[in-house]
Amino acid sequence: MSETAGREPIEVRFRGGGFAPNSRRWVGFAVFVALIAFVEWGTRAGWITSLTLPRPSDVLATFVGLWESGLLFKHLVPSLTRLVIGAVIGATAGIAVGILIGLFSYMRAGVVPVVAAIFPIPKIALLPLFVIWFGIDEGSKYALIAFGTFTPTVVATYGAVDNVDRSLIRMGQSFGLTWWSIVRKIVLPGAMPGILSGLRISLAIAIILLVAAEMLGAEYGIGAYILEAGSLYDLERLFVGVVILSLLGIIVSAAIAAVERRLLAWRT
Amino acid sequence: MDIRLDQISHAYGDTQVLRDISLDIPAGKIVCLVGPSGCGKSTLLRFAGGLERPASGRVLQLGTPPEGCLNPLTYIFQDFALLPWRSVRGNVSLVLEDHGIRGKRAEAIIEDVLIRTKLSDFARALPKQLSGGMKQRVAIARALAVKPAVMLMDEPLSALDAQTRELLMDDLIGLWTRQPFTSIYVTHNLAEAVRLGHRIVVLSRRPGQVREVVEIAKPLAERTYGDADLDKVQRHLWGLMRDEARAADEELIDV
Ligand SMILES: Nc1ncnc2c1ncn2[C@@H]1O[C@H](COP(=O)(O)OP(=O)(O)O)[C@@H](O)[C@H]1O
Ligand SMILES: [Mg+2]
């Protein structure tokens with residue numbers, strides 16, 4: 001390093017940066033706006049035919065019409081009821097079973113293979129079976145959604161329980177905490193981050209299954225609405241239904257984010 | 001209440017970890033366990049507090065724990081083991097709740113231990129907001145809250161930087177001087193051992209055996225940073241440990 005004399009100093013090149021996601025909400029919004037504007041332009045200019053994609057402004061008009069006729073809520077209310085009841089049953093059972101698997105070796109040995117066996121079954125294929133078991137009405141719809149949310153929740157939950165810091169459990173035992181206290185005050189909060197990120201996936205699956213459930217024997221519901229529009233090749237109404245599902249997905253995701261902010265504020 | 005370790009031996013699989021350890025921990029004294037890493041200090045401490053069972057030998061309590069003692073054998077861990085989702089106050093109250101101590105009684109105890117560990121201003125803080133030294137003080141406060149008969153400390157200062165370690169040693173000496181507690185204090189740091197130990201037990205490398213027991217008569221309160229007498233003891237200890245440590249360091253680790 002003795003040759004430095006007389007040379008220009010070179011600034012050290014920055015190479016840190018990246019790999020640190022931070023909040024840039026408006027980007028997502030801008031992407032949506034750009035996409036919609038692009039399709040609007042294409043359909044108006046004519047190089048996207050009305051058979052390929054409906055014009056976004058027409059979809060909006062159809063949506064407003066649906067709202068004003070009061071039909072929107074006639075479809076939305078039963079759908080949301082099914083979604084909430086089915087998802088609550090499935091997620092609650094999934095969390096409970098997942099925690100039991102995480103805590104007891106016999107549960108793990110006995111139930112994990114069963115869960116692995118039913119996970120890959122497309123639950124939609126079982127719909128006729130559910131209709132026989134739980135009736136053509138609401139019962140089979142709840143069952144389908146509950147069953148579909150159950151398996152991913154179980155897998156996420158027992159993984160989360162496995163990841164709870166063992167040294168904290170040791171600490172609880174060393175202070176003479178009861179088994180139930182350790183589960184409630186150490187295992188459950190420690191597993192919460194994993195459980196919540198599992199719920200993100202489970203609830204998205206619940207929305208998918210909601211539509212599937214409503215395609216059979218439902219008069220009202222987003223699924224029934226989409227099915228009817230599809231069979232009539234009414235693209236505007238089809239897209240209204242799809243947009244409603246997307247919005248539902250965004251709302252669920254935002255709700256989980258809000259719960260995470262509240263429950264997981266302790267994380268760094 | 002005294003603790004007696006009676007001829008404890010243990011092996012994990014084929015690895016003999018501890019061999020025939022017998023020790024007395026008298027009430028009101030701090031006994032330091034030093035030895036090269038991997039010699040079984042943490043294992044011995046887990047036996048002492050009943051978190052694990054030795055393959056042979058027994059851990060005995062002599063006498064009954066003092067009145068009001070909620071958890072006779074209480075640990076302080078190297079990694080603090082604080083619940084990150086509970087505030088400082090919540091972490092202390094965690095160990096009281098199971099004893100049915102809530103409301104006013106819990107408040108009084110929590111306030112007392114937080115004053116003793118100089119944490120009163122941080123009762124509402126979460127662990128992530130605290131420095132390492134403060135986290136360990138929270139763990140000490142939590143241990144004090146259950147009025148332990150014996151404190152089992154596993155390298156409580158090893159995760160901290162040198163300055164924080166000095167400060168916390170002073171804190172521990174202060175706590176002991178005001179109200180002597182019994183403790184088994186595991187460390188690999190000889191300076192800590194000579195500052196805090198009434199008795200220092202040197203273990204050999206694995207399988208851990210008692211090599212020598214050194215008593216230090218000088219009262220804790222009179223021991224200061226860089227004390228000449230303590231330096232002499234520390235040099236003697238280092239003489240004992242050096243070869244063991246080197247040999248231990250060169251052994252293959254089969255984990
Ligand atoms: N649960 C365990 N299973 C198997 N081996 C272990 C276990 N705990 C500790 N050991 C082994 O026992 C030896 C002593 O470990 P430890 O008591 O942690 O040593 P120290 O605390 O003195 O560094 C090490 O070789 C370690 O690998
Ligand atoms: Mg250790």
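Tutor: We will take the chains, a sheet and some salt bridges in turn. This is a predicted model, in which local features need pLDDT of at least 70 and side-chain atom pairs count only at pLDDT 80 or more, while totals for chains, interfaces and linings use all residues. Residues are numbered from 1 along each chain as its sequence is written, chains are lettered from A and ligands numbered from 1 in the order in which they are written, and side-chain values use heavy atoms, with hydrogens and water left out.

Student: Why is chain A called more spread out than a compact globule?
Tutor: The radius of gyration is taken over C-alpha atoms, and the globule rule is 2.2 Å times the number of residues to the power 0.38. For 268 residues the rule gives 18 Å, but chain A has 25 Å, well over that value, so chain A is more spread out than a compact globule. Its C-alpha trace spans about 75 × 70 × 30 Å along the principal axes.

Student: What makes chain B as compact as a globular protein of its length?
Tutor: Chain B has seven helices and nine strands. Its radius of gyration is 18 Å, close to the 18 Å from the globule rule for 255 residues, so chain B is as compact as a globular protein of that length. The box filled by its C-alpha atoms is roughly 55 × 40 × 35 Å, along the principal axes.

Student: What secondary structure does chain A have?
Tutor: Chain A has ten helices and zero strands. Here helices (H or I, at least four residues) and strands (E, at least two) are DSSP runs, numbered from the N terminus.

Student: What share of each chain counts as buried?
Tutor: Buried means under 20% relative accessible area, exposed over 50%, and partly exposed in between, with a 1.4 Å probe and protein chains only. By that definition, 53% of the 255 residues of chain B are buried, and 37% of the 268 residues of chain A are.

Student: Which strands of chain B form the open sheet, and in what order?
Tutor: Three strands form it in the order E2-E1-E4, with antiparallel pairing. Strand E2 (15–25) and strand E4 (56–62) of chain B are the edge strands, as each pairs on one side only. From one strand to the next, the twist averages 10 degrees.

Student: How do you know that E1 and E4 of chain B pair?
Tutor: Two strands pair if DSSP finds at least two bridges between them. Strand E1 (residues 2–12) of chain B is joined to E4(B) by six bridges, and the two run antiparallel. Asp2(B), for one, stands opposite Leu62(B) in E4(B).

Student: What packs on that sheet?
Tutor: Helix H1 (residues 41–48) of chain B does, touching E1, E2 and E4 of chain B, and its direction makes about 125 degrees with that of E1(B). Contact means heavy atoms within 4.5 Å. Axes are lines fitted to C-alpha atoms, for helices over the stretch in contact, and angles run from 0 to 180 degrees between N-to-C directions.

Student: Why is the pair Arg82(A) and Glu138(A) called a salt bridge?
Tutor: A salt bridge is a side-chain nitrogen of Lys or Arg within 4 Å of a carboxyl oxygen of Asp or Glu. The N to O distance for Arg82(A) and Glu138(A) is 2.8 Å, so the pair meets the definition. Arg82(A) lies in helix H3 (residues 71–103) and Glu138(A) in helix H6 (residues 138–162) of chain A, 56 residues apart.

Student: Are these two residues buried or partly exposed?
Tutor: Arg82(A), at 5% relative accessible area, is buried, whereas Glu138(A), at 29%, is partly exposed.
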